[in-house]
Structure formats: structure tokens, C-alpha cells
Amino acid sequence: MTAKLTLKLNEEAIEQAKVYARSRNLSLSRMVETYFRGLARQDEMHAPGPTGVVAELAGILAVKNLDLSDEGRALYLTRKAS
């Protein structure tokens with residue numbers, strides 16, 4: 001479903017956008033929609049936690065005494081390499 005959106009922009013910016021869109025055989029509407037969708041995807045990529053399948057699986061394994069410090073990781077890697 002599509003809906004109408006009214007934007008108020010600087011005239012020069014509108015003309016530049018029209019030239020850009022025309023050179024790529026796009027409508028301004030399609031170009032703006034693609035831009036907005038890209039912004040939303042970036043937000044999802046920088047979400048403060050896991051999403052999707054990872055979020056569903058997070059926490060299903062019981063881990064005891066997990067040391068996430070630099071020293072803990074170094075000790076783990078040293079033991080693993082032995």
C-alpha cells in the first residue's frame with residue numbers, strides 16, 4: 001500500500017535530487033523510499049542487542065563462571081592452544 005507524503009525542502013536540493021533521480025531512471029518517490037528504508041536497516045544493524053533467530057536462541061545454554069575480561073579470554077585461548 002502506498003500513501004502520500006508532503007515534504008518541504010530547499011528548491012535547490014529538490015532540483016539536485018531530480019537530476020540525480022533522472023540520471024538513475026528513478027522517481028523521486030522511489031528514491032526517498034529507498035533512502036528511508038536504508039535508514040531503518042541501519043538502525044536495525046546497530047540495535048543494542050541481538051535480533052531475529054539470535055535473540056530467540058540467546059540464553060538457552062547455561063554458562064557458569066564465564067570470565068569475559070581480557071585476562072579470562074587470554075587464559076581460555078592459552079588452554080585451548082595447549
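## The largest pocket

The largest share of the lining of the largest pocket comes from α2, which supplies six residues. This is a predicted model, so keep that in mind as you look around the pocket and the helices. In total, 16 residues line the largest pocket, and L5, L7, L28, S29 and V32 are the ones nearest its centre. Both α1 and α2, the latter spanning residues 28–45, contribute at least two residues each to the lining.

What kinds of residue line the largest pocket? The lining divides into 11 nonpolar residues, two polar ones and three charged ones. As for the space itself, the largest pocket has a volume of about 580 Å³.

## The overall plan

Now step back and look at the whole chain. The protein has four helices and zero strands.

How many of the protein's 82 residues count as buried, as a percentage? The share is 5%.

## Helix α1 and its ends

Let's follow α1, which covers residues 11–23 and has 13 residues. From its first C-alpha to its last, α1 reaches 19 Å, close to the expected 18 Å.

At the N-terminal end of α1 you will find a cap, provided by N10. A side-chain oxygen of N10 lies 2.7 Å from the backbone nitrogen of E12.

Beyond the other end, α1 is followed by N25, a residue in the loop between α1 and α2. Most residues other than glycine have a negative phi. N25 is not a glycine, yet its phi is positive, at about 55°. Is N25 buried or exposed? With a relative accessible area of 74%, N25 is exposed, because the cut-off for that word is over 50%.

## An aromatic pair

How many aromatic pairs does a search of the whole structure find? The search turns up one. The partners are Y35 and F36, whose ring centres are 6.2 Å apart and whose planes meet at 50°, so the pair is tilted. A tilted pair falls between the two other labels: planes under 30 degrees apart count as stacked, and those over 60 as edge-to-face.

The two partners can also be described by their accessibility. Y35 has a relative accessibility of 53% and therefore counts as exposed. F36, with a relative accessible area of 42%, is partly exposed.

## Helix α4

The last stop is α4, made of residues 70–81, which has 12 residues. Its reach from first C-alpha to last is 16 Å, close to the 16 Å expected at 1.5 Å a residue.

How many of the 12 residues of α4 are buried? The count is one, and α4 is hardly covered.

Note on methods: Residues numbered from 1 in each chain as written. Predicted model: local features only at pLDDT ≥ 70, side-chain atom pairs only at ≥ 80, totals over all residues. Heavy atoms only, no water. Expected span 1.5 Å × (residues − 1). Polar contact = N/O pair within 3.5 Å; in protein donor to acceptor, adjacent residues only side chain to side chain. Phe/Tyr/Trp six-rings, centres within 6.5 Å; stacked < 30°, edge-to-face > 60°. Buried < 20%, exposed > 50% of the residue type's maximum accessible area, 1.4 Å probe, protein only. 1 Å grid on protein atoms, 1.4 Å probe; cavity = no way out; pocket = protein on both sides within 12 Å on 5 of 7 lines; lining within 4 Å. Points joined across faces, edges and corners; volume = space filled by probe spheres on them. Nonpolar A, V, L, I, M, F, W, Y, C, P; charged D, E, K, R; others polar.
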